[in-house]
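Let's take a walk through a protein chain together. Have a look at the model first, and then we'll go through a few of its parts.

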Amino acid sequence: MKEKVGICIIGMNGAVSSTAIVGLELLKKGMIEKNNLISEGFINKTNRTIVPESKSGDVVSIAESLDLCKLDDFVIQGWDVNQESVYESAINNGIIKRDLIDKVKDETIAMKPWKAFTVIRGVGAKEINVINESNFMEASDKIIENINHFREVNNLKNVMLVNLHPTEKWLNLGDIHSNLNLFEDALKNNHELINDSMVYAYSALKAGAGFIEFTPTISIQIPAISNLANEEKIPICGKDGKTGQTFLKVALAHAFRARQLRIEGWFSTNLLGNRDGETLANPENLDTKVKSKSEALSKIMGYDIDSHIVNINYYPPRGDNKEAWDNIDITGFCGENMQIKINFLCKDSILAAPMVIDLVRFMDYAMKNNEFGFQPWLSMFFKHPLHDEIDYSGLSFFEQERLLTDIILNGAN
């Protein structure tokens with residue numbers, strides 16, 4: 001029997017997850033184009049950049065160069081406090097057209113989540129599908145049991161956990177995060193400085209599964225967990241997928257820096273009506289996201305931008321159809337003031353879903369090649385790429401692209 005690759009998703013019925021799962025099942029059947037998938041692209045060997053087609057010069061296939069797992073090789077499962085099937089959630093999330101969802105009804109209606117771990121109880125009428133163990137360590141044991149059973153039943157070589165959990169409140173780091181012994185004691189005592197994502201990350205590594213932190217939540221960057229990844233020789237990467245507004249901000253900021261255009265102020269606002277927007281209506285959760293969206297700009301420019309303002313507004317009528325607009329004030333030659341306006345109308349989950357698929361394929365490659373710990377070559381996927389020593393978040397998007405293309409071209413040689 002051919003070995004498959006497992007994907008375990010935290011927040012399996014969320015907007016990004018259901019979009020990724022339905023899209024993946026459609027891709028398996030050849031019913032949609034492979035749009036936006038970097039792993040299905042090519043590398044131009046002359047200028048070492050990613051290109052969409054094989055016709056432009058001396059190119060190599062990314063998937064073939066790294067011998068990436070095929071899309072058909074994926075088996076999917078996950079956790080969610082909402083016990084609906086992925087089929088029902090995809091319909092309710094309203095991102096993919098109903099006729100497309102129906103084409104993979106048989107596959108997705110059978111996908112129902114495991115009971116999820118959550119520190120917070122009673123956060124919604126449908127959210128009753130929860131692990132009810134007496135402490136966080138026992139909950140972790142249950143998560144590990146889920147992963148191991150999933151691996152055994154499906155004959156899986158590698159398993160990747162992808163964190164698509166709604167944004168969690170900001171937590172300050174304490175002594176319990178500094179080493180594994182203190183952290184494990186804290187798990188047994190339900191410590192207030194432990195969040196859901198930390199428990200899942202710890203469980204993944206103990207079960208020998210890779211971990212992708214796609215949210216802005218504090219998890220794998222704490223020493224107790226990042227050191228565990230190195231000890232167990234498991235790859236981890238994150239954090240916070242660079243999907244829409246921040247992707248444009250980072251790309252533009254590097255262009256402004258190269259042209260020596262001084263930024264005096266940058267005002268960003270978002271209208272978002274999906275579940276993530278609802279979560280961010282809570283000020284504690286919002287603080288985590290705003291920190292993630294705000295920190296990179298000054299680091300890129302090399303100076304503090306005092307008037308950098310980021311707003312996220314929950315606006316239910318918009319659903320997943322996010323609107324992000326930016327006003328940028330710059331100072332030009334002879335002290336002349338100028339402005340740039342950007343209005344990005346996008347579907348957040350449509351931007352994020354192919355990135356999730358790419359990351360699983362690349363992380364599976366890392367695991368097969370005995371790479372472990374943080375994976376800086378995947379920096380271009382994240383707002384705040386995590387690292388051991390070198391800070392890659394200040395690199396331009398295209399310098400981050402080069403980190404990826406260098407690995408791919410080395411694989412092609």
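Start with strand E5 (residues 74–79), which runs parallel to E1 and is joined to it by 6 bridges. Two strands count as paired if DSSP finds at least two bridges between them. Helices (H or I, at least four residues) and strands (E, at least two) are DSSP runs, numbered from the N terminus. Before going on, note that this is a predicted model, where local features need pLDDT of at least 70, side-chain atom pairs count only at pLDDT 80 or more, and totals for chains, interfaces and linings use all residues. Residues are numbered from 1 along each chain as its sequence is written, and side-chain values use heavy atoms, leaving out hydrogens and water.

E1 also pairs with strand E6 (residues 156–163), again in the parallel sense, over 7 bridges. Find Ile10 and you can see both partners: Ile10 sits opposite Trp79 in E5 and opposite Asn163 in E6. E1 itself (residues 4–10) is mostly covered, with 6 of its 7 residues buried (buried means under 20% relative accessible area, exposed over 50%, partly exposed in between, with a 1.4 Å probe and protein chains only).

Now hop over to helix H7 (residues 180–188), where the buried residues are Leu180, Phe183, Glu184, Ala186 and Leu187. They cover an arc of only 155 degrees around the axis, so they end up on the same side of H7; the arc is that of the directions from the helix axis to the C-beta atoms.
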